[in-house]
Amino acid sequence: GVWTRDITGIASGVPTSTQMLQWDNANSDPITTLMVESFGVGQKVGGSWRPKTLVLGVNAYIRLANHPLILGRLGVNNTRLVDQSGLATLLGVDKVLVPQGTVNTGTERETVAASESNASYSWIVGANDALLVYSAPMPSTDEPSGGYIFAWKGLLGSQAFDPTAAVTRGRDDRGKFDWFQVDVAYDMKVVAPELGVFFSGAVAG
């Protein structure tokens with residue numbers, strides 16, 4: 001895997017040291033699981049860098065926000081709805097992120113209606129997975145982080161991250177259409193795999 005520690009979710013049974021009960025199982029204990037894994041990494045690398053950023057696929061977020069242990073920690077007078085900030089507090093992490101980018105892998109058709117009938121939508125980030133990782137609050141060559149985004153400033157300078165900074169536009173008179181070219185120069189890299197724990201199949205779906 002990409003990360004030093006990988007945990008696989010199972011629907012039932014007794015988990016091994018690299019397994020856990022999936023969080024849509026009412027008998028699972030996601031709060032304890034996440035705390036144990038976070039402090040487990042911290043014990044190896046130092047508490048200052050223990051992972052406290054939780055990235056959840058959409059299904060994982062939905063199941064966690066409605067898990068009986070999570071709801072049980074809310075007072076009876078509280079709103080029984082947990083947003084990302086509230087979930088972070090209950091789980092003992094700094095922040096919870098839920099990527100929601102989508103992709104349509106269906107074949108393009110000549111009309112909107114035909115394209116929609118052939119559409120196949122899915123989340124770009126695995127909906128049933130989760131990642132617990134240390135993410136540095138500020139990038140630094142002296143600060144470890146699970147991952148960093150590196151810019152190639154030799155090409156676009158300080159505008160390497162800006163998708164609106166290097167836009168070229170042209171006209172194809174024969175095809176009677178305009179075209180746009182957008183240049184960016186950056187890449188995302190895992191730089192410290194020991195600072196992350198990946199949960200594969202954290203929920204069944």
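Is Phe-180 buried or exposed? Phe-180 counts as exposed, because its relative accessibility is 51%. In this report, buried means under 20% relative accessible area, exposed means over 50%, and partly exposed lies in between (1.4 Å probe, protein chains only).

The model is predicted: local features need pLDDT of at least 70, side-chain atom pairs count only at pLDDT 80 or more, and totals for chains, interfaces and linings use all residues. Residues are numbered from 1 along each chain as its sequence is written, and side-chain values use heavy atoms, with hydrogens and water left out.

## The nonpolar patch

Phe-180 sits in strand S10. Helices (H or I, at least four residues) and strands (E, at least two) are DSSP runs, numbered from the N terminus. Phe-180 belongs to a nonpolar surface patch together with Ile-149, Phe-161, Val-167, Val-182, Val-184, Tyr-186 and Met-188. The accessible area of the patch is about 770 Å² in total. Such areas come from the Shrake-Rupley method with a 1.4 Å probe, and for residues only the protein chains shown count as cover. Patches are made of residues with over 30% relative accessible area and no salt bridge; like charges are joined within 9 Å, and nonpolar side chains (Val, Leu, Ile, Met, Phe, Trp, Tyr) within 5 Å. At least two residues of the nonpolar patch come from each of strand S10 (177-182) and strand S11 (186-190).

The loop between strand S9 (167-172) and S10 holds Lys-176. Lys-176 has a positive phi, near 60°, although the residue is not a glycine. With 63% relative accessibility, Lys-176 counts as exposed.

## Helix H4

Helix H4 covers residues 84-91, and its residues Leu-87, Ala-88, Leu-90 and Leu-91 are buried. These residues lie on the same side of H4, because they cover an arc of only 165° around the axis. The arc is that of the directions from the helix axis to the C-beta atoms. Exposed residues Ser-85 and Thr-89 are on the face turned away from the buried side of H4.

What do the buried residues of H4 pack against? Their partners are helix H1 (30-45), strand S3 (53-56), helix H2 (58-65), helix H3 (68-72) and strand S4 (95-97). Contact here means heavy atoms within 4.5 Å.

At the start of H4, the backbone nitrogen of Ser-85 has a side-chain oxygen of Asp-83 within 3.3 Å. After H4 comes Gly-92, with a positive phi near 75°.

## Two buried polar residues

Thr-53 is in strand S3 and is buried, at 7% relative accessible area. Its side chain is joined to that of Ser-135 by a polar contact of 2.8 Å. A polar contact is a pair of N or O atoms within 3.5 Å; within protein, one must be able to donate a hydrogen and the other to accept it, and residues adjacent in sequence count only if both atoms are side-chain atoms. Beyond neighbours within four places in sequence, Thr-53 is in contact with Lys-95, Leu-97, Leu-131, Leu-132, Val-133 and Ser-135.

His-67 lies in the loop between H2 and H3. This histidine is buried, with a relative accessible area of 1%. A polar contact of 2.9 Å links the side chains of His-67 and Ser-28. Residues up to four places away in sequence aside, His-67 touches Trp-23, Asn-25, Ala-26, Ser-28 and Pro-30.

## Salt bridges

How many salt bridges does a search of the whole structure find? The search finds six. A salt bridge is a side-chain nitrogen of Lys or Arg within 4 Å of a carboxyl oxygen of Asp or Glu. The table lists some of the pairs.

| Pair | N to O distance |
|---|---|
| Glu-37 and Arg-5 | 2.6 Å |
| Lys-52 and Asp-94 | 4.0 Å |
| Lys-189 and Asp-187 | 3.5 Å |

The salt bridge between Glu-37 and Arg-5 links distant parts of the chain, with Glu-37 in helix H1 and Arg-5 in strand S1 (residues 5-10), 32 residues apart. Glu-37 is buried at 10% relative accessible area, while Arg-5 is partly exposed at 28%.

The side chains of Lys-52 and Asp-94 also meet in a salt bridge. Lys-52 is in the loop between H1 and S3 and Asp-94 is in the loop between H4 and S4, so this pair ties together parts 42 residues apart in sequence. Lys-52 is partly exposed, at 26% relative accessible area, and Asp-94 is exposed, at 57%.

Lys-189 is partly exposed at 45% relative accessible area, and Asp-187 is partly exposed at 38%. A network of salt bridges links Arg-169, Arg-171, Asp-173 and Asp-178.
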